[in-house]
Amino acid sequence: IPLVGTNVMKSGFSIPSSAVQGVLLHSLNNRSEDLASACFNNKDFRTWPLLPVTESRYVPCRLSSTHKISKLPLTELNGKHKLIDLFISEYDWRSVSKGSPLKGCDGVLFSSNDNDEIHLWRSSDMPRLISAHSVHESNEREKNFFTVESMAVKKYSGFCSMPESAAITLVESLKENPYVAFGKSRSIRGGGKISAKILKLEEIIIPQKHNYKNRLFILQSPVSASGRDFDNRSAEEILTEIVLESGWGEVEKSSASITVLFGWNRHKHGRRISDTNRLQSMPVIVPGSVFLLKKAVTDADLEKLLIKGLSDGKEQGLGAVLPHPGEAVDRFLSENDIIELSSNKNYAERAFSIYTKSEKLLSRSQIASLMTQRMIGYKEALDYLDKQKYDRPKKIWDRWNPVFEDLKNELLKEDAVEMLQVWHDLSAERK
């Protein structure tokens, strides 16, 4: 969410398909540039967003816009919230408990036990981390202070489709180096370990617990609506048109919203704005929108349609869809871990010393690269450091030189990653 009239920046709960796609292709590219390019251009290549889960084996589905939750817990439900999806169940609004109307919510649906009951994990219930940052404004000496509310969920899950040869190589590549960082702004965006395994479609998708098998679907990523006629037409009419043109069949009913997706991406795909290299903004149908087909697609066609998705822009992570898994039986509440800070660790003090000695020459991305290598192992981090001395231009080595010996000693310590993280965070203060 951009900074508009507030000094708080809040991240969404999903990792977008485009970011997932970039990470996977980057891992493939480390093995073979030709294989990564061929995979990207293959008609069967598609990525879905990564969504929060409590266990790695769960594959979540983004919540539908028609899923509702009672405003208050209900005594007749033993203190639980009433949950309903307006596309699946009839609901008598006259029977609603006083003071506890149904309202919309955002989050994910996932199955968490052997009988495949569906649970709702609301976005507002997911753990988050608040960090403070300051930046220099142009031509001013004072700093602008702002806070970032980012996700603190430990596990994400999702899936992608790609040719088998690429999938085998990807699994091997991620075993060798599972550490990734999402996005270019690594000062406030997250990183971690990613793993993959090859599965069949029926092993991935949550069973559909409703009477509309292979008819009811939820948008997982934005769907391009560029070039559409919007005069006196609803979002539902636009979505119905897109579904039909994409070969899914006729829509019986839908629930959708339209917004604008701004073009921050500077890569080679999409339309341009004048002389800049920035992608043009486009109207999109938002994730969570729902559509119900008049006729169910066959199991044989389901896989092809899911890979094809809706509209164009697959190379930008647009158009991803999943079958609606069904109504949630309860609101899932996770227990947040309590982190204990030990006072006998002095990695913050050591980090400040490195920060001071580095004479403000090293960027956050350079520090993050060293930190990523140390997560893999001491030898890899040392090799990365030596590369800065022996394989890089002199101007790069001059930046590392003031702290080179100190860092070699620090990399040996058990809390080296924690020290590097503090140094990385301190570097956010720089102009």
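Close-up 1. Asn 78 is exposed, with a relative accessible area of 73%; here exposed means over 50%, buried under 20%, and partly exposed in between, using a 1.4 Å probe and protein chains only. This is a predicted model, in which local features need pLDDT of at least 70 and side-chain atom pairs count only at pLDDT 80 or more, while totals for chains, interfaces and linings use all residues. Residues are numbered from 1 along each chain as its sequence is written, and side-chain values use heavy atoms, with hydrogens and water left out. Asn 78 sits in the loop between β5 (67–70) and β6 (83–85). Helices (H or I, at least four residues) and strands (E, at least two) are DSSP runs, numbered from the N terminus. The phi of Asn 78 is near 55°, a positive value in a residue other than glycine.

**Close-up 2. Ser 311, in the loop between α6 and β22.** Ser 311 is not a glycine, yet its phi is positive, at about 60°. With 26% relative accessibility, Ser 311 counts as partly exposed.

**Close-up 3. Phe 217 and Phe 291, a stacked pair of rings.** The structure holds 10 aromatic pairs. To pair, rings of Phe, Tyr and Trp (its six-membered ring) need centres within 6.5 Å; planes under 30 degrees apart count as stacked, over 60 as edge-to-face and the rest as tilted. The ring centres of Phe 217 and Phe 291 are 5.5 Å apart and their planes lie at 20°, so this pair is stacked. Phe 217 belongs to strand β16 (residues 216–219) and Phe 291 to strand β21 (residues 290–293), so the pair ties together parts that are 74 residues apart in sequence. Is Phe 217 buried or exposed? At 0% relative accessibility, Phe 217 counts as buried. Phe 291 is buried too, with a relative accessible area of 0%.

**Close-up 4. Phe 352 and Tyr 355, a tilted pair.** These two rings are 6.0 Å apart, centre to centre, with 35° between the planes. Phe 352 and Tyr 355 are 3 residues apart in helix α7 (residues 347–357), so about one helical turn separates them. An α-helix has 3.6 residues a turn, so residues three or four places apart point the same way. Phe 352 is partly exposed at 47% relative accessibility, whereas Tyr 355 is buried at 14%.

**Close-up 5. The largest nonpolar core, with 31 residues.** A nonpolar core is a set of buried Ala, Val, Leu, Ile, Met, Phe, Trp, Tyr and Cys residues joined through side-chain atoms within 4.5 Å. Which residues touch the most other members of this core? They are Trp 248, Phe 291 and Leu 310. The elements that give two or more residues to the core are α4 (201–204), β16, α5 (235–245), β21, α6 (299–308) and β22 (321–323). The largest share, 5 residues, comes from α5. Leaving out residues up to four places away in sequence, the residues that Phe 291 touches include Phe 217, Leu 239, Trp 248 and Leu 310. Contact here means heavy atoms within 4.5 Å. A second, separate core of 20 residues includes Ile 354, Met 371, Tyr 384 and Leu 407.

**Close-up 6. Helix α12 and its buried residues.** In α12 (residues 416–426), the residues Ala 416, Met 419, Leu 420, Trp 423 and His 424 are buried. They cover an arc of only 140° around the axis, which puts them on the same side of α12; the arc is that of the directions from the helix axis to the C-beta atoms. The buried residues of α12 pack against α7, α8 (364–376), α10 (394–400) and α11 (404–410).

**Close-up 7. Arg 62, a buried residue in strand β4.** Strand β4 spans residues 61–62, and Arg 62 has a relative accessible area of 15%. Beyond its neighbours within four places in sequence, Arg 62 is in contact with several residues, among them Phe 13, Asp 106, Ile 218 and Pro 287.

**Close-up 8. Cys 160, a cysteine in no disulfide.** A disulfide is a pair of cysteine sulfur atoms within 2.5 Å, and the structure holds 0 of them. The cysteine sulfur nearest to Cys 160 is that of Cys 39, 7.5 Å away. Cys 160 is partly exposed, with a relative accessible area of 29%.
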